[in-house]
Amino acid sequence: MAFSSWLASPTLWIQPSKLIHYRLNSLAQEIVQDDIALIEEKQDIQNCSSLTHNELLDACFIRSLPCGLDQSVDAMRQSLSGHLKMMKQVLDDVGPLGLQCTQGSLFVLHLHAIRYEYEGRSKNLKR
């Protein structure tokens with residue numbers, strides 16, 4: 001009987017959402033901190049040329065940029081460099097603290113959806 005009352009507890013439903021929120025926020029913070037470090041290394045200007053193949057794959061994958069067997073290394077470097085240039089503009093506008101706050105870092109997680117929507121609209125305009 002105690003087990004079934006535990007299942008009806010509201011904390012059971014709150015815990016997973018808190019965990020998901022924490023993980024998403026942690027991921028966003030990691031991406032923001034990595035973006036800031038790459039921008040400080042001037043990777044946005046150097047077209048990410050000093051990154052190894054594995055570093056490039058990891059960076060593109062975590063940011064949902066095109067990567068994998070169907071993409072050339074140059075295309076991945078160009079995608080990551082474009083992302084870093086955009087993030088540099090955002091960083092210049094809001095500063096590092098503005099980008100590292102919860103709302104600023106969650107913006108990073110929405111970039112994939114924004115890119116996807118933009119690509120879809122640009123394809124429709126070409127038709």
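These legends describe close-up views of charged side chains in a predicted model. Local features need pLDDT of at least 70 and side-chain atom pairs count only at pLDDT 80 or more, while totals for chains, interfaces and linings use all residues. Residues are numbered from 1 along each chain as its sequence is written, and side-chain values use heavy atoms, with hydrogens and water left out.

**View 1. R63 and D34 form a salt bridge.** A salt bridge is a side-chain nitrogen of Lys or Arg within 4 Å of a carboxyl oxygen of Asp or Glu; by this rule the model has three salt bridges. For the side chains of R63 and D34, the N to O distance is 2.8 Å. R63 sits in the loop between α3 and α4 (73-100) and D34 in helix α2 (residues 10-40), so this pair ties together parts that are 29 residues apart in sequence. Helices (H or I, at least four residues) and strands (E, at least two) are DSSP runs, numbered from the N terminus. R63 is buried, at 5% relative accessible area, whereas D34 is partly exposed, at 32%. Buried means under 20% relative accessible area, exposed over 50%, and partly exposed in between (1.4 Å probe, protein chains only).

**View 2. R63 also forms a salt bridge with D35.** The closest N and O atoms of R63 and D35 are 2.7 Å apart. D35 belongs to helix α2 and R63 to the loop between α3 and α4, so the pair ties together parts that are 28 residues apart in sequence. Both residues, R63 and D35, are buried. A network of salt bridges links D34, D35 and R63.

**View 3. K88 and D92 pair within helix α4.** The salt bridge between K88 and D92 has its closest N and O atoms 3.5 Å apart. The two residues are four apart in helix α4, a separation of about one helical turn. K88 is partly exposed, with a relative accessible area of 30%, and D92 is exposed, at 55%.

**View 4. Negative charge gathers in a surface patch.** The patch consists of E40, E41, E55 and D58. Patches are made of residues with over 30% relative accessible area and no salt bridge, with like charges joined within 9 Å and nonpolar side chains (Val, Leu, Ile, Met, Phe, Trp, Tyr) within 5 Å. Asp and Glu count as negative and Lys and Arg as positive; His and the chain ends are not counted. D58 is found in helix α3 (residues 53-62) and is exposed, with a relative accessible area of 54%.

Definitions and conventions
Areas by Shrake-Rupley, 256 points an atom, 1.4 Å probe, with all protein chains shown as cover. Charge placed at Lys NZ, Arg CZ, Asp CG, Glu CD.
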